[in-house]
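Visitor: Please take a close look at one part of this model, the interface between the two chains. I would like the contact criteria stated as well.

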4 protein chains.
Amino acid sequence: MSLLRGRFKSSVSDLMQRFSSSLEVDLRMLDEDIEGSKAHATMLGETGIISAKDARTLTEGLDTVRGELASGAWVPGIEHEDIHMAVEARLTELVGPVGGKLHTARSRNDQVATDLRLWLRRGLGELDLALRELLETLLQRAETDGHTLMPGYTHLQRGQPIFLGHQLLAHAFALSRDRGRFQDALARLNRCPLGACAMAGTPHPIDRQRTAELLGFGGVAENAMDAVAARDHAQEVAAAATICMTNLSRMAEELVLWSSAEFAFIRLSGSFATGSSIMPQKRNPDAAELVRGKAGRVAGAFTALTNLVKSLPLAYNRDLQEDREALFDAVETTRDCLRIMAGAWSTLAIESRRFEDELQGDFSLATELADDLSSKGVPFREAHDTVGHLVQALEAKGETLSALTPERARSFHPKLGDDLESLLDPRKAAERRSSYGGTAWSEVKRQLSLLRDAL
Amino acid sequence: MSLLRGRFKSSVSDLMQRFSSSLEVDLRMLDEDIEGSKAHATMLGETGIISAKDARTLTEGLDTVRGELASGAWVPGIEHEDIHMAVEARLTELVGPVGGKLHTARSRNDQVATDLRLWLRRGLGELDLALRELLETLLQRAETDGHTLMPGYTHLQRGQPIFLGHQLLAHAFALSRDRGRFQDALARLNRCPLGACAMAGTPHPIDRQRTAELLGFGGVAENAMDAVAARDHAQEVAAAATICMTNLSRMAEELVLWSSAEFAFIRLSGSFATGSSIMPQKRNPDAAELVRGKAGRVAGAFTALTNLVKSLPLAYNRDLQEDREALFDAVETTRDCLRIMAGAWSTLAIESRRFEDELQGDFSLATELADDLSSKGVPFREAHDTVGHLVQALEAKGETLSALTPERARSFHPKLGDDLESLLDPRKAAERRSSYGGTAWSEVKRQLSLLRDAL
Amino acid sequence: MSLLRGRFKSSVSDLMQRFSSSLEVDLRMLDEDIEGSKAHATMLGETGIISAKDARTLTEGLDTVRGELASGAWVPGIEHEDIHMAVEARLTELVGPVGGKLHTARSRNDQVATDLRLWLRRGLGELDLALRELLETLLQRAETDGHTLMPGYTHLQRGQPIFLGHQLLAHAFALSRDRGRFQDALARLNRCPLGACAMAGTPHPIDRQRTAELLGFGGVAENAMDAVAARDHAQEVAAAATICMTNLSRMAEELVLWSSAEFAFIRLSGSFATGSSIMPQKRNPDAAELVRGKAGRVAGAFTALTNLVKSLPLAYNRDLQEDREALFDAVETTRDCLRIMAGAWSTLAIESRRFEDELQGDFSLATELADDLSSKGVPFREAHDTVGHLVQALEAKGETLSALTPERARSFHPKLGDDLESLLDPRKAAERRSSYGGTAWSEVKRQLSLLRDAL
Amino acid sequence: MSLLRGRFKSSVSDLMQRFSSSLEVDLRMLDEDIEGSKAHATMLGETGIISAKDARTLTEGLDTVRGELASGAWVPGIEHEDIHMAVEARLTELVGPVGGKLHTARSRNDQVATDLRLWLRRGLGELDLALRELLETLLQRAETDGHTLMPGYTHLQRGQPIFLGHQLLAHAFALSRDRGRFQDALARLNRCPLGACAMAGTPHPIDRQRTAELLGFGGVAENAMDAVAARDHAQEVAAAATICMTNLSRMAEELVLWSSAEFAFIRLSGSFATGSSIMPQKRNPDAAELVRGKAGRVAGAFTALTNLVKSLPLAYNRDLQEDREALFDAVETTRDCLRIMAGAWSTLAIESRRFEDELQGDFSLATELADDLSSKGVPFREAHDTVGHLVQALEAKGETLSALTPERARSFHPKLGDDLESLLDPRKAAERRSSYGGTAWSEVKRQLSLLRDAL
C-alpha cells in the first residue's frame, strides 16, 4: 500500500476504482514493464516507425522513470488504472509529447501479456534455483546420513528395512520431475506477445522477432488473438506449483511424524522449530507444518485460475486482471517453501541409531526368508505361505525372528535354515536389495551420482 | 457392475469389502495388467530366475486368462481384492502351482503402478488423436470459412474487424499447447516401475531394463520407493486435461453465444444441437453446453487427486487406490469432448454475411484512422485523442463513420481525409493488420501452414 | 507492511521468521484480540483468579495498547511471532509484571480461535449488510423497470416472453438463500472457545459462560479440544462465499451479455464500465467482468482451506495459521463484489423497448398456442405436435406467427384460431403466465412484497 | 449399463447421443420421477385441468411403469434422451393418448429440478442416519474406553495428558455440526419447483401448493425462473459433504497414526484392516486410508459443481445435466464413509495401558507445576519461566519430573514443592482440568449426555 500515492476512499464508486485498479499488484512487474517498453521503443526506432532520436528519448526517459520509482522520487497515484498508464504519463511529463509515441503499434492487452510472461520467466528462474538448492541439500544428507537404517513404510506400517538415503532420493526424484515441469512450462510460455496489439495485430511495419530477441524470448507468439487471450500458461505454472507443493507436503508430513515422541527419528533445529521453555522435549515442527499448510494455498491458486478462465470467450476480458495475484503468490510461495525445506533439512539432527535395535528380529524381515526360498526355486506363493506359518508360530509364543534357529526353520521347510544370521540382519537385508533402484547402498550411490550430474 | 460375478451386500462389512475392492475400475486396465505380467514372466525366464519353460507356461496361461475374460468364459468375483489377485488365482487354476511363481520379485505396489502408467500411455495416445482430429477440423474450417468477416471482441464488445480464421487459429494454437502438455506428461511418466517391488527392490537378479523394453517404456523408474509412491504424474495428466478442458470451455462458450438469436452467427447441425418441434428457430447448442459443463468435471478430478495425495508419507498408502477413477474419467472425458467439438465444428453452418453490413461505418473502425495518423508521424496519444473527438462529433448527431467526408475529417486533423473509403472498409481494415500474427488473410494462411506442418 | 516495525531479511532463517510470523494478517484482527483479552481479564477478576485491581489494570492497559496502535504511537515489531505476544509484551511494558497474569488460564490456541470467530462475526455482519443492499437495489429495479418485456432464455435461446422483474427476482431469491447460508454459518460458529486453553481446559476455576457473554457469543464451545482444533466453520464460511460468488458470476455474465452490441439491452454507467474515447459505443462492462473473475478467487479460498485442514490430526497444528488470509479475503471480496453489483445495478440504463418489436410474432410465442389447445382438452403432446406443424409451415414460407390468420390456424386444428391477437401478444402472453411463481406482473409484485418483508 | 437396453456406438454422432443422454444417472432417481409425476397428475385432476378419470389413469399407469422397471419387464432404451421421456413414452404405450396429458403445465426443466430435490431429500436422510450411527458409536466408545489415558497432541507433539473420551467427543461435536449443515441445506432446498415449467410458469390454473404437499415438500419455490435455474443447493450439499469428509479425514489420519508400530495405540479389526500372512504384526489400516482418500473425491465434486455453474446465465442450460453425477456420488460416498468409520470404531481394540507408564514424569506435566504456581498468585509468565528453568535443570541431568523432590522444587520457587506426587500424576492432572469443556472425566460425561440428548 505504501508504494502508492493517495488513498482509496470507501464510497461505492471509490470501491469500484480500487476494484478496477491493478496498480498494487502491477508494481511487482514494474521492471518487466519498463524492459518491455524499452524493447518496443528500440524496435520502433530500428524499423523507422519512429525516428532513432525519438526511440532514444523514450528508452532514456523510461530508465529515468524506473530510477525515480526505485528511489521513491516519483510515486504513481491511484488515479492511474494500471502501471502501464502511470509509466506512460510520467514519461510524457519528462520527455514531452514524444512520450505519446511509445504506445504506437501496441495495446495494453499485449503489453500486460508480455509483462506477465517476463515476470514468470524470472519467477521460474528463482524457483528453479530453490529447487536445486533443496535437491543439493537432500543429496548431501543422503551422502552423510543416507546409510542410516530405518523401516520402510507402507500404510505407515513397517514393511522392510531400508536406508534413509533410499527415501531421501525418492523425494529427490520427485523434485527432479518438478524441475522438469517448470522447465516445460517455461519453454511453452517463453514467446513474445508484444505486437499482437489489441488482438488483431497492426498496420505498422513492426518487427516482432526483433522485440522478442531484445527481451530474450525464445520466439514470437504466432497468433495475435491467442497472444492476448491465452492464460493456459498461467494455469500450467500454477498446476506445476501445486504438484510441487503436494510433493513437499509429503516430505513435510514425514518431518512432522519423525519429530514426534513416538517416531523420535529427527530433531529439527531451533530455526525451523519452536521449542517450549517449559517443555524442552517439545519441538514443534513449525517449518514442516507451515509448508504443509501452504500446499493448500497454492492448490487454491490453481482452482482460482481455472475457475477464472473457464468459459471466457476470446479475446481479452477484464476478468483476466485477476490472474496475477494468484499466480505470483503461487510461484513465490513455492519458491519460499523449497528454501525453507532446504534450510530445515540442512540443519536437522538424525537419530541414526533409533531403529537399529528395534529392527533386530522384527517381522518385517520375514520377506527375507520368503525371497530366500523363492530364489531356491520354491514358487513365490508357496514360499510366502510357508514363512507365514513360521512367523505365526513364533508370534503365538510371543517370540520374534531372533528366536529362530536353523532347526526350527527347517521344520517349516527343508530349504530354510541356512544363513539365518545373515538373512535376518536388517542392515544386510537392506544391502541385499541391490536390484536396479533398490535400497542397497550401491544403488543409493548410483542414484546420487545420477542426480548430481543433473544438477 | 455386470462384468463382475457376485453382488456386494449391504452390511457394514460388505460395504467395507466393496470399499476395499478396486476390481471394477481395475477391469479397465486388465489388458495392461496382463501385458505387464507377461513381460515380467518373460524377464524372469530370461534371467534364469525361473526356468524358460515356466516362463512360457506363465505367458501362455496369461493369454488364456485374457481370452477367457474377453469371451466371458471366466468372470472375476468380488472375493478378490483387486484384478491382480483375480488374474493370478485364475492363472494358478489353469497352470497349477507354477502360477505361484509369477509374483516372484514383484509386489502389487509396483504392479499397479505399472498398469496405471501403461493405461495412461494408451489413454494419452487416444487423447492426442482426438486433439489432432479437432485441430484438423479447425484448420479445414479456417481454410474454407476463414475469410468470413466478423467483429473481434474484447470484453464481449466489438473491437476491430477480423477474419474468422484468425479466431479459429487462436483456438488451434491453444490446442497445440495442450498437445505439448500431454506429450511432456507422457515423456515424464513413461518409465517402468516394475521390479521396484514393495518399495525397496528385491534380492533377485532381475533385469528391469529388459522388462521396460518389453513393455515399450522409455526407461526405468530409477528409485524403487519413488516408483511405487509417486502420483505426481497422475496430477500432471489431470492438470493438463483440466487446462485443455478450460480451453474447450472458451470455444464452447463462443458456440453458445454465436448460436443465440442475438449473435446469429452459426447454426449447429442437428446431431450436435436439439431442435424444438414447436420452436423451429430454437436450436439448443447442447454439444457446446455439455462440453462446457464437463470442464467442471475434469477440474474436479484434479482437485480430487491433489487433495488425495496431499500429506501422504511415502511409500504406498491405500488412499492411492482412489487415483484411477478420477484420472481415467478425466482422460476419457477430455478425449470425448475433443471429438464432440470436432464433430460440432465440422458440421455447423456459418452465416458468412452476418456482420458484413453491420460493420460498415462501425465505430470499431475508428482505430483505423488513429493508426493512419500515427503512421504519418502524429504521436499515438494525440492521434487517438483526435479521432476520439471526431467520433464523438459523429455520434452526437447519430451518425456513423459512413457519414465521414474527407473535408469533415480534415477539420479534425489536416493529415486526415485521404483514402477514407479504403481506410473504413472493414475487410480492408482486417487485411491491413498484416503484422506478424495479425488477422490479415496472408497471416492466417501462414499460421495455417505452420499448424498443418505440426500435425 | 507499513504497519510493522522492522524489515524481514532475506536469509533462510529470516525467511523462516517471516514464514512463522502471522503478524501482518493478525493485525487485521487486532480489535478482536484486545476485546477478547479484556473479557478474559474481566472474568479472571470476577472469579477471583486474579484480584479485581489486577483485572482493572489489565483492561485499562489493553485499552492503552489499542490506542497506541491506532495512533501509531506503538508499532509491533517483527520479533514478535504473532499479535498476541506483541500485545502482551507491550502491556507488560506499560503495567509491569501484572501483565504476565493476563495469560492465566488461556493459551494462544484458544485465543486465536476466539479472535477468528469474533472477526468472522463482524465480517459476516458487513457481508449481510452488502447482501441486503444488493437485494434492495434489485427490488427497486424490479419495481421501476420490472415490467420491461424481454425474452426468457434457456440454453441462451429465446424461450418465452417474460418481464425483466421475473428475472431480477430469480436472482433476488438466490441471494436470499445466500443470506440464509451466512446466517446459518454464523449461528454455528458463534460459540466462544476462550478457556479451552491448549486443548484440555484448565485447573483454574474459570467461568467460560461469563467470558462468552461479555464477548456477545451465543454460547460456549462445549469441548476444549474441538474448540481449538476445529476449522469446519472456516470452510463453511468460505463455501457460502463461494456459492454466493457463483450466484453473482451468473448475474455478472448476464450484465456482460446484455452490454454487448448484439444484445444491446443495458448500458452500465460510467462508474462501472470503461468507455473508450475513440469508440464511444464501446462500454467495457468492467465491474461485471471483475466480479465474475473474483468468483474464481473465492472458490480458490475454499479449495485452499479444505486442502489445508485435510488429514490434520487433532488438536492444533501450525498449518492452521494459514486459515486467516484465505478466509478474510473470501469474506471481504464477496462483500465488495456485492456492493459493486449494487452500484452497477442502481446506475445502469435499461433499453426498455429493445425487445418489444422483435418479439412480435416470434416463434417463442408458439407455446401460447399449445397451452391454449391443451386448456381446451387436447392432450399436451398432441397440442404440441399440432403447433409444431403449424410453425413449420409458416417458417417454410419465411413467415412468422404474425402472418397467422384464424382460418389458417383452424386448418391445423379446429380448436385453434380464437383470440389469436391476444394469444400472440407477447406482453399478454407474459401476463397469462400467472400461476404461482410465474412471470405475470401480479406474481412479480407478490414476490416483491415477500422479499421486501424479509429485508 | 446393464439397466439400459441398446448399446452406445462409437461414431461421433453416437458419442454425441451418449453425451446427451442422462439416462444412466437418471435411473437413480426413477422413483422420484414417478412420485413427482403422480403428484402432478393428481393435482391436474383435482384442479380440473384434466378429468379425475384421466388423473387416475395416469397415476395407475405410472405405478405400472414403475413396477415394470423394477421387475425388468420393461427396459428403457438409449433412444430416449432422458428418463422423463422414457417414462412418458412407456406410459402412453400402456394407457393411450391420455398419457400425452401428463406433461400439461410442466416442462422437463421443473421436472428434473423436482426429481433432484426429492433425491437429495432421501439421500440426506440416509446420510443423517449414517452420521447418527457414527455419533452413537463414538459415544459408546467414549463411555466404555473414554477414561483411557493418552497424550493430548498439538503439532503432533505431546502436550498434556488427556482422556481418550475428550478426543472422541471433539470429533463428535464436529460431526454434530456436520449434521446441522446437512439439515440446514435440506431445509433450504426442500421447496417444490414443480409447476415452474420452462421458467415462466403456465397459464393453466395449477395448484403448486397442493403438488408440494403431496410430495412432502416444506413449501413452493417462489420464483419459476429461480426454480429451474438455481443449483446453489447442489453446491451447498456438496460443500457440506466436503466439510464432513474433511472432518472424517482428520479422524482417519489419527486411526492410521495410532495403528503404526510407533504409536501402537489401537488395532483395527480384521474387517477394516488388511493383515499380512507373512507379517502378522502388520495391520494395514485400509478403512481409514480409503476414507481419507475419498475426502479428495468429494472435494472434487464441489470443485466440479462450482466450476460447472459459474457464469451460467439464467435460466436452464444443458450444462446443468452434469450436476447429478457429482452430487449423487458426493452424498453416497460420504454416507458410506460414515458407516465405514462407525464399523471401524465399533470393532477396533484400544491398547488402554499404552501410555500409562510413558506419561509418568513426562515433561508434558510441567504445565501442572506452572498452573499450580499461577493459582498461588504468581503471574503466569513468571510461573511459566520458573518451571522452564526447573525442567531444563532436570533435563540437563537426563532426569524426568519423576526425579523431582519437594526440596529441589522449592529451590526453584518457594511456593513449589507441595503435593508433587498428586500434581505429577498424569491421571490426576487430566482430572484436574475440570473447567467447562476440559478433559476431566466429569466433563466428558457431561458432554456425553449432551450429545446423547441431541441424537
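Guide: At this interface, 95 residues of chain B are in contact with 95 residues of chain A, contact meaning heavy atoms within 4.5 Å. This is a predicted model, in which local features need pLDDT of at least 70 and side-chain atom pairs count only at pLDDT 80 or more, while totals for chains, interfaces and linings use all residues. Residues are numbered from 1 along each chain as its sequence is written, chains are lettered from A and ligands numbered from 1 in the order in which they are written, and side-chain values use heavy atoms, with hydrogens and water left out.

The area buried between chain B and chain A is about 8000 Å², with carbon and sulfur atoms giving 56% of it; buried area is the accessible area (1.4 Å probe) that two parts lose on being put together, summed over both. Of the area that chain B buries against chain A, B:Glu222, B:Arg250 and B:Tyr436 supply 10%, more than any other three residues.

The rule finds 14 salt bridges across the interface of chain B and chain A, each a side-chain nitrogen of Lys or Arg within 4 Å of a carboxyl oxygen of Asp or Glu. A:Arg181 forms a salt bridge with B:Glu236, where the closest N and O atoms are 2.8 Å apart. Helix α10 of chain B (residues 232–259) gives the largest share of the side of chain B that touches chain A, 13 residues; helices here are DSSP runs (H or I, at least four residues), numbered from the N terminus.

Conventions. Helix = DSSP H or I, 4+ residues; strand = E, 2+ residues; numbered from the N terminus.
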